[in-house]
Amino acid sequence: MPTPQFIVDLRAHIGHDPLWLIGVTAVVIRGEEVLLVERADNGIWAPVTGIVDPGEEPADAAVREVAEETGVTAVPQRLAWVHVTEPVTHANGDRAQYLDHVFAMSWVAGEPYPADDESTAARWCPLGGLPDMPERMRRRITAALDSGTATRFEWTGRR
């Protein structure tokens, strides 16, 4: 499901104006591999990302997005990082910015495949040989792999 219905409904009222949305990034680890998808909208390789539905817990959204996009079953182990993304203009002109929750997740079952039209490919990639991807996506993987138990967050010190 590319765009949740609640966003389609909002866009009918506000057009392409900026939306503040809650997002998740699911960094699924299996041994020394990470689950990545090749996004259909921009061709980049990335962990599974998605939008939290109204009333949905972010960890549940991460589990749901992994299953919907790759057919893989995974469980969250910890919230690794909470941060605000840079503003994004999507291919259709919609503008948004996300409060992203990066989850370190463990593989339970399933082999990845592009299970919906959001991805053109889905596969396990060795942690030591990641494909080219934007630094913002690498930072999410790094945060999830950090062995610490504390959640990272950004703090500017501004009031």
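In what order do the elements of the protein run from the N terminus on? The order is α-β-β-β-β-α-β-β-β-β-α-β, which comes to three helices and nine strands. Helices here are DSSP runs of H or I with at least four residues, strands are runs of E with at least two, and both are numbered from the N terminus.

Before going on, the ground rules. This is a predicted model, where local features need pLDDT of at least 70 and side-chain atom pairs count only at pLDDT 80 or more, while totals for chains, interfaces and linings use all residues. Residues are numbered from 1 along each chain as its sequence is written, and side-chain values use heavy atoms, with hydrogens and water left out.

Overall dimensions next. The C-alpha trace spans about 45 × 40 × 30 Å along its principal axes. Of the 159 residues, 38% count as buried; buried means under 20% relative accessible area, exposed over 50%, and partly exposed in between, with a 1.4 Å probe and protein chains only. Contact means heavy atoms within 4.5 Å. Among contacts between residues at least 6 apart in sequence, 70% join residues at least 24 apart.

As for annotation, UniProt has an unreviewed entry that places "domain: Nudix hydrolase" at residues 19–147. Such positions are given in the numbering used here, feature names are shortened, and annotations may be inferred rather than shown by experiment. Over residues 19–147 the chain is 19% helix and 48% strand, with the end C-alpha atoms 33 Å apart.

Now helix 2, residues 58–70. Its 13 residues reach 18 Å from first C-alpha to last, close to the 18 Å expected at 1.5 Å a residue, where the expected span is 1.5 Å times one less than the number of residues. Which residues of helix 2 are buried? They are Ala-61, Ala-62, Arg-64, Glu-65, Val-66, Glu-69 and Thr-70. Their cover includes strand 1 (19–30), strand 2 (33–39), strand 4 (48–51), strand 5 (73–84), strand 7 (95–109) and strand 8 (119–126). Just after the helix, Gly-71 takes a positive phi of about 75 degrees.

Strand 2 also holds Glu-38. Glu-38 is partly exposed at 24% relative accessibility. Leaving aside neighbours within four places in sequence, Glu-38 contacts Gly-43, Ile-44, Trp-45, Glu-118, Ser-119, Thr-120 and Ala-121. From Glu-38 to Ala-121 is 83 residues in sequence but 5.1 Å in space, C-alpha to C-alpha.

On to the aromatics. A search of the whole structure finds one aromatic pair. The rings of Trp-107 and Trp-124 have centres 6.5 Å apart and planes at 85 degrees, so the pair is edge-to-face. Rings of Phe, Tyr and Trp (its six-membered ring) pair if their centres lie within 6.5 Å; planes under 30 degrees apart count as stacked, over 60 as edge-to-face and the rest as tilted. Trp-107 lies in strand 7 and Trp-124 in strand 8, so the pair ties together parts 17 residues apart in sequence. Trp-107 is partly exposed at 31% relative accessible area, whereas Trp-124 is buried at 10%.

Last, Leu-145 in helix 3, residues 135–145. Leu-145 is partly exposed at 41% relative accessibility. Not counting residues up to four places away in sequence, Leu-145 touches Ile-29 and Leu-127.
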